[in-house]
Amino acid sequence: MTERTARPAPAAGAPRRPAALPTSVLQPLGRLRADWPRTFADRLTAPLPGVRALARLAREGAVRPRPEGLRDVPLLPFEPGPLPPAGPGTVAVTWAGHASWIVRVGGLTVLTDPVWSRRIFGTPARLTPVGVRWEDVPPVDAVVISHNHFDHLDAPTLRRLPRATPVLVPAGLGRWFLRRGFTRVTELDWWEAAELDGVRFDFVPAHHWSKRTLLDTCRSLWGGWVLTDTAGHRVYFAGDTGYGHWFAEIGRRHPGIDLALLPIGAYAPRWWLSDVHTDPEEAVRAHQDLGARRMAPMHWAAFVLSSEPVLEPLTRVRAAWTHAGLPREHLWDLPVGGSRVLVP
């Protein structure tokens, strides 16, 4: 499944895009720091749930869909296919499932939040298989991680990678990779960037949080990534996020985003998850705030993390897109395993 979009050639000597406002501070690849803050709790957009909220969640039991919400599992879109060819001037994306994408940009193959495990800690097994067999993944040139929650940072999957694979991670998460033998780890703060073989990796804010054990709440940062090649093509990977002011700021600093990979699932009940997970309507608003041309939904159809019916994120995002009057061909609502290609 591909889309080929022809771009008009710019006039000789003319920049492809308007000059951007100040973006990110460029850091050397492999930069690690030992002086990160002990906590990043001051970066939270909203306070984390307290004892009363946890008690209410336990009382309501609204952590999984009701039986009628699971009956559409067989209808979840799963259409694995061969990865399309992608040369140095092409941007191609393949949705492996959840927040895991194979992004080919600037001649590199980049994995986002790679989770190839059938099961992750604290959740039932996957609703759909991974959309790309691991043996079919091209040689990986880099990995970007949005934060350390188990559905985004999967140790069994990362063990499959050569330890010399460049990994770009949020501030405070580098030690986790060093302990596992990775040798090319780059830690970035919000609004910092690094370059690899001509592709720029900008780490940008998100409305979320981090936690992996009982003792490390907000000890590492969370965020998204903007990948830009030498021709100025941009892909924004939101990671995991609620709705808020950061989208407009990201769009202001990184104008002309070609494709925004945005989460649309794990949003119910809203009183519990609205601060950290966008619902489908909010994802469409975030797309508009970013000023992105296209949107590809993610973070649904793989793991049961919340109580909405399993197929509802897709039906709601399509309805919200139509209601917003956006071109239907710019909503890349891919099946798990599906691909699209941009050709400049």
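1. Salt bridges overall. Across the whole structure, a search finds 16 salt bridges, each defined as a side-chain nitrogen of Lys or Arg within 4 Å of a carboxyl oxygen of Asp or Glu. The model is a predicted one, in which local features need pLDDT of at least 70 and side-chain atom pairs count only at pLDDT 80 or more, while totals for chains, interfaces and linings use all residues. Residues are numbered from 1 along each chain as its sequence is written, and side-chain values use heavy atoms, with hydrogens and water left out.

2. A pair within helix H5. Glu249 and Arg252 form a salt bridge whose closest N and O atoms are 2.8 Å apart. Both residues belong to helix H5 (residues 246-253) and are three residues apart, about one turn of the helix; helices here are DSSP runs of H or I with at least four residues, strands are runs of E with at least two, and numbering starts from the N terminus. Glu249 has 17% relative accessibility and therefore counts as buried, whereas Arg252, at 42%, counts as partly exposed. The classes are buried for under 20% relative accessible area, exposed for over 50%, and partly exposed in between (1.4 Å probe, protein chains only).

3. Arg316 and its partners. Arg316 forms a salt bridge with Asp279, with the closest N and O atoms 3.8 Å apart. Because Arg316 lies in helix H8 (residues 312-323) and Asp279 in the loop between helix H6 (270-273) and helix H7 (280-290), this pair ties together parts that are 37 residues apart in sequence. Arg316 also meets Glu281 in a salt bridge (2.6 Å, N to O). Since Glu281 lies in helix H7 and Arg316 in helix H8, that pair ties together parts 35 residues apart in sequence. Asp279 counts as buried at 10% relative accessibility, while Arg316 is partly exposed at 25% and Glu281 is partly exposed at 30%.

4. Arg270, Asp279, Glu281, Glu282, Glu312 and Arg316 are linked in a network of salt bridges.

5. The seven-stranded sheet. An open sheet of mixed pairing is formed by seven strands in the order E1-E8-E9-E10-E11-E12-E13. E1 and strand E13 (294-298) stand at the edges with a single partner strand each, so one side of each is left without a neighbour in the sheet. Two strands are taken to pair if DSSP finds at least two bridges between them.

6. Strand E8 and its neighbours. Four of the five residues of strand E8 (residues 192-196) are buried, so the strand is largely enclosed by the rest of the structure. Strand E1 (residues 25-26) pairs with E8 in the parallel sense over two bridges, and Leu26 has Ala193 as its bridge partner in E8. E8 and strand E9 (residues 199-204) run antiparallel and are joined by five bridges; here the bridge partner of Ala193 is Asp202 in E9. The hairpin of E8 and E9 has two residues between the strands, and Asp197 takes a positive phi near 50° in it.

7. Strands E11 and E12. Strand E11 (residues 234-237) pairs with strand E12 (residues 259-263) in the parallel sense over three bridges. Phe237 has Leu261 as its bridge partner in E12.

8. Arg180. Arg180 is found in the loop between helix H4 (174-178) and strand E7 (185-188). At 35% relative accessibility, Arg180 counts as partly exposed.
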